[in-house]
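Here is a short briefing to read with the model open beside you.

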Amino acid sequence: MHHLVLSFPLYEKSAMGVGVAPYSSVGYDFTEYETDPAVIDQVGDVMYQRYGSGGINKAFLSASMVFLRDFSVGAEGIFYFGNMNRSSDIFFNSDASYRSVNSGTEYVVRSTSAKFGLQYEKNIKEDISITAGATWLMGTELGGDVTRYAFSTNSSGYRDTSYFNVTDGTSLEIPSELGIGFSVRKADKWLIGADYSRQDWSGVSFPSQQGLISLRQ
């Protein structure tokens, strides 16, 4: 189960909702073996691995109400949370005198935001209605902390810490988002609608991922 959403009425013309849902996910795993004969002759079989896991979840509490008969307004409080890990490893599979190395970055995200909406609904005939609406999500810088690490492990399984540093702030951002929509409905027989949303990621910077380079470089 990865979505949990509950909604319920408060009064005759208002309602609330609460839930938890995924916002983004990280999931990749790449493996490559050394092919340079000069490197293989010197250190033997070498494997490179890059992988990422985790993601960001969104918990929210929303409320809406009808006013001026045909208009509805709503607001949503959002809490982003989660962990993301991106790792880069080198394994020396032939020569026990070399230590395998694991390095990477772990993000722990904790941040808040809000979303607002406005909707207009009107019956133009007895069984035909039109609906138009707009939403706006506030942009936010994701708070939390970042852990950068590097470990080396010998053939006996002993692990030594080469680098470990924790800093406040993730340098991750979620830009603001504008959405608009329109629909025409005939009772319970048919509905035609269109939605458009725009979220500008061009001005958002992402922190560089520190990792290990190939031995052939």
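The points below start with how to read the model and then go through the patch and the loops.

This is a predicted model, in which local features need pLDDT of at least 70, side-chain atom pairs count only at pLDDT 80 or more, and totals for chains, interfaces and linings use all residues. Residues are numbered from 1 along each chain as its sequence is written, and side-chain values use heavy atoms, with hydrogens and water left out.

**The nonpolar patch**

- L4, L6, F8, L10, Y11, V18 and L61 make a nonpolar surface patch of about 690 Å².
- Patches are made of residues with over 30% relative accessible area and no salt bridge, with nonpolar side chains (Val, Leu, Ile, Met, Phe, Trp, Tyr) joined within 5 Å and like charges within 9 Å.
- A salt bridge here is a side-chain nitrogen of Lys or Arg within 4 Å of a carboxyl oxygen of Asp or Glu.
- Accessible areas come from the Shrake-Rupley method with a 1.4 Å probe, and for residues only the protein chains shown count as cover.
- Strand β1 (residues 4–11) gives the largest share of the patch, five residues; strands (E, at least two residues) are DSSP runs, numbered from the N terminus.
- Y11 lies in strand β1 and is exposed, at a relative accessible area of 68%; exposed means over 50%, buried under 20%, and partly exposed in between.

**Positive phi in two loops**

- Most residues other than glycine have a negative phi.
- L68 has a positive phi, near 50 degrees; this residue sits in the loop between β4 (46–67) and β5 (71–92) and is exposed at 65% relative accessibility.
- A187 also has a positive phi, near 40 degrees; its place is the loop between β12 (177–186) and β13 (190–199), and A187 is partly exposed at 38% relative accessibility.

How values were computed: Helix = DSSP H or I, 4+ residues; strand = E, 2+ residues; numbered from the N terminus. Buried < 20%, exposed > 50% of the residue type's maximum accessible area, 1.4 Å probe, protein only.
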